[in-house]
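Let's take a walk through this structure together, strand by strand. Have the sequence and the 3D view ready, and follow along.

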Amino acid sequence: MKKEVLIVGALACALSLPLMGCNSTPAASGNGGGSSQGETGDFDAVEAYWGQWRGSVEITGESIYGSTSGNEQMLDINLAQDGTCTVEPLEAHADLLTDEGTWEGTESEIVLHLSSGDITLTVVDSNALEGNAADFDIADFEKINFAFYG
């Protein structure tokens with residue numbers, strides 16, 4: 001039984017070789033072979049990232065019930081479709097960075113070009129970003145996590 005499956009698999013791969021390499025790798029073409037969306041310049045950062053992102057830090061502590069943890073919401077980043085952006089702290093954290101500028105993004109990062117300087121955020125997935133908390137004037141925390149809010 002295994003020999004029959006192996007032979008059928010090899011035969012199927014051999015028949016599809018002119019159009020497609022084995023393991024679903026595109027065969028080489030005049031432009032050097034297949035390329036991903038990002039390599040061809042088709043990635044649209046505005047479509048992928050524009051909107052409101054809520055930043056929070058992870059907190060831990062002790063309670064009468066033992067160790068606890070959670071998230072403290074700190075600020076919002078608003079990425080506009082026209083390439084502008086704002087950083088706005090929540091009311092309880094009014095002492096944090098408030099700024100505006102422009103932004104640009106790739107599949108792996110977003111760079112905020114603010115009047116106070118550039119801030120780079122790492123793309124975790126389509127709904128999550130991660131950055132350095134100190135870049136937003138947040139003391140005593142290493143990183144800040146951003147969730148897409150819409």
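Start with strand β5, residues 109-114, and strand β6, residues 117-125, which pair in the antiparallel sense over six bridges. Strands here are DSSP runs (E, at least two residues) numbered from the N terminus, and two of them pair if DSSP finds at least two bridges between them. A hairpin of two residues links β5 to β6, and L114 sits opposite G117 in β6.

Before going on, a word on the model: it is predicted, local features need pLDDT of at least 70, side-chain atom pairs count only at pLDDT 80 or more, and totals for chains, interfaces and linings use all residues. Residues are numbered from 1 along each chain as its sequence is written, and side-chain values use heavy atoms, with hydrogens and water left out.

Now follow β6 onward. A hairpin, again through two residues, joins β6 to β7. Strand β7 covers residues 128-132 and runs antiparallel to β6, with three bridges joining them. Here D125 has A128 in β7 as its bridge partner.

Next, turn to D76, which you will find in strand β2, residues 66-79. Is D76 buried or exposed? D76 counts as buried because its relative accessibility is 8%; buried means under 20% relative accessible area, exposed over 50%, and partly exposed in between, with a 1.4 Å probe and protein chains only.

What does D76 touch? Leaving aside residues up to four places away in sequence, D76 touches Q52, W53, R54, T86, V87, E88 and L90, where contact means heavy atoms within 4.5 Å. The side chains of D76 and R54 are also joined by a polar contact of 2.3 Å. Such a contact is a pair of N or O atoms within 3.5 Å; within protein, one must be able to donate a hydrogen and the other to accept it, and residues adjacent in sequence count only if both atoms are side-chain atoms.

Key:
Helices (H or I, at least four residues) and strands (E, at least two) are DSSP runs, numbered from the N terminus.
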